[in-house]
Amino acid sequence: MAQIALIAPTTFRAITTGGGKQQQHELSYARRKLSLASVVPSRKMKKVPLFVSSNCGGERSRSVVVKVSGGGTISLPHGWPPQKGSEDQIEGINRMKGSNRFFTIGLVAAWYSSNIGVLLLNKYLLSNYGFKYPIFLTMCHMTACSLLSYVAIAWMKVVPLQTIRSRVQFFKISALSLVFCVSVVFGNISLRYLPVSFNQAVGATTPFFTAVFAYLITFKREAWLTYLTLVPVVTGVIIASGGEPSFHLFGFIICVAATGARALKSVLQGILLSSEGEKLNSMNLLLYMAPMAVVFLLPATLIMEENVVGITLALARDDTKIIWYLLFNSALAYFVNLTNFLVTKHTSALTLQVLGNAKGAVAVVVSILIFRNPVSVTGMMGYSLTVFGVILYSEAKKRSK
């Protein structure tokens, strides 16, 4: 019998046993021309298992054992021993994996920061600072998204440009843009009246509205277990509403409407842009929806928020920080969409969903620390129940697929 084992990066050992005698041979890769047939003459290979072993120093090494019997010669498996430079290649791959891991962590951190940052800054501007123009603020967001989307796609080539192929597709995107406007504007209006913590609790009920609209519009039914998981989602918000010290009825209604509009956009997007020829990735969809949103929001701003531009300029003369707040807030609104796309691309939609559930909880904690809004145990219990229900809903949806 013969055993062959790698004992060093450039050396393997052949141990032969025959006639009651054991001989050991160490062959250098530099002597690769030496045939093992000369070491183990007249033997036949039986099997070649590959395994990992540890030597006395605690280092792990790959070894191959070749059992042979009489009647033939022995040879190493194909590709063994490793060619020169293989260790460098493995080390390079490990370095690449490490850098990719840090890149993904950085993306997730940027996504969290931009999402929570734009939410808190909206709250500060609309409530604490006293800038009471949510429609104009949303129009600033959409203007920034229009310009930065064009720069990212047309100049920086972040994603390939997808064109609108028909008038029908254009009207479909316009409809989505209108619903998108309603959801964002209503969400910003609700921040004037509700604390961020309660706003996030209501916003967590999006899966409930998505299931309702999917059934009403497409007659799509989910498994009974999926519907059952929505019970704690709704119950949690009811409990949180009863225990919210800063509850405001109008703000609550507007926040529910914003959540419903967000769910409706998701369902409509799946219906209107379902064909292969009309599907757009999120970056290209934003490129077309954002300018359309500006067109919708401009007359609404002029009619419902009269002389908002003049008031903003007057505020800027007294405090120039308002201009920087608006510019930074608008840029953050775009980066929310950009990092959302990149995180999905480098992880998965499921990972993004899990991170989104955790993001709401982080936003609640950060907002309470910054704005010092009063919270009650009942309210936090209700919000926790809602988040728990959303997690159960995600798991039920995943299993039903």
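**Reading the model**

Modeller: At 0% relative accessibility, S177 counts as buried, because the cut-off for buried is under 20%. Bear in mind that this is a predicted model.

Biologist: Where does S177 sit in the secondary structure, and which residues does S177 touch?

Modeller: S177 belongs to helix α4, which covers residues 167-193. Leaving out residues up to four places away in sequence, S177 touches M289, M292, A293 and F296.

Biologist: How many helices and strands does the protein have?

Modeller: The protein has 13 helices and 7 strands. Of its 401 residues, 42% count as buried. The accessible surface comes to about 22000 Å², and 64% of that surface belongs to carbon and sulfur atoms.

Biologist: What share of the contacts joins residues at least 24 apart?

Modeller: The share is 75%, taken among contacts between residues at least 6 apart in sequence. W111 is found in helix α2, residues 86-129. Its contacts, not counting residues up to four places away in sequence, are V336, T339, N340, V343, L352, L355, G356 and K359. The C-alpha atoms of W111 and F341 are separated by 9.5 Å, although the two residues are 230 apart along the chain.

Biologist: Is W111 buried or exposed?

Modeller: W111 has 4% relative accessibility, so W111 counts as buried.

Biologist: Which other residue can be read in this way?

Modeller: T347 can be. T347 lies in the loop between α11 (321-346) and α12 (349-371).

Biologist: What about a lysine? Is K397 buried or exposed?

Modeller: K397 counts as buried, because its relative accessibility is 18% and the cut-off is under 20%. K397 is placed in helix α13. Apart from residues up to four places away in sequence, K397 touches K220, E222 and T226.

Biologist: Next, the aromatic rings. How many aromatic pairs are found in the whole structure?

Modeller: The search finds 14 aromatic pairs. One of them is formed by F131 and F136, a tilted pair with 6.2 Å centre to centre and 50 degrees between the planes. Both F131 and F136 are buried.

Biologist: Why is the pair of F247 and F252 tilted?

Modeller: The planes of F247 and F252 stand at 45 degrees, so the pair is tilted; the ring centres are 5.4 Å apart. The tilted class takes what is left once planes under 30 degrees apart count as stacked and those over 60 as edge-to-face. F247 counts as partly exposed, at 35% relative accessibility.

Biologist: Which residues form an aromatic cluster?

Modeller: Y124, Y129 and Y325 form one aromatic cluster.

Biologist: Which residues line the largest cavity?

Modeller: The lining consists of S197, F198, A201, A240, E244, V364, V375, S376, G379, M380 and Y383. Helices α5 (196-203) and α13 (377-400) each supply at least two residues of that lining. By type, the lining residues divide into 7 nonpolar, 3 polar and 1 charged.

Biologist: Last, the backbone. What should I look for in phi?

Modeller: Most residues other than glycine have a negative phi. N307 has a positive phi of about 60 degrees although it is not a glycine. N307 is placed in the loop between α9 (282-304) and α10 (308-318). With a relative accessible area of 53%, N307 is exposed, because the cut-off for exposed is over 50%.

Biologist: What is the phi of R372, and where is R372 placed?

Modeller: R372, also not a glycine, has a positive phi of about 55 degrees. Its place is in the loop between α12 and α13. R372 is exposed, with a relative accessible area of 66%.

Conventions
Residues numbered from 1 in each chain as written. Predicted model: local features only at pLDDT ≥ 70, side-chain atom pairs only at ≥ 80, totals over all residues. Heavy atoms only, no water. Helix = DSSP H or I, 4+ residues; strand = E, 2+ residues; numbered from the N terminus. Buried < 20%, exposed > 50% of the residue type's maximum accessible area, 1.4 Å probe, protein only. Contact = heavy atoms within 4.5 Å. Areas by Shrake-Rupley, 256 points an atom, 1.4 Å probe, with all protein chains shown as cover. Phe/Tyr/Trp six-rings, centres within 6.5 Å; stacked < 30°, edge-to-face > 60°. 1 Å grid on protein atoms, 1.4 Å probe; cavity = no way out; pocket = protein on both sides within 12 Å on 5 of 7 lines; lining within 4 Å. Nonpolar A, V, L, I, M, F, W, Y, C, P; charged D, E, K, R; others polar.
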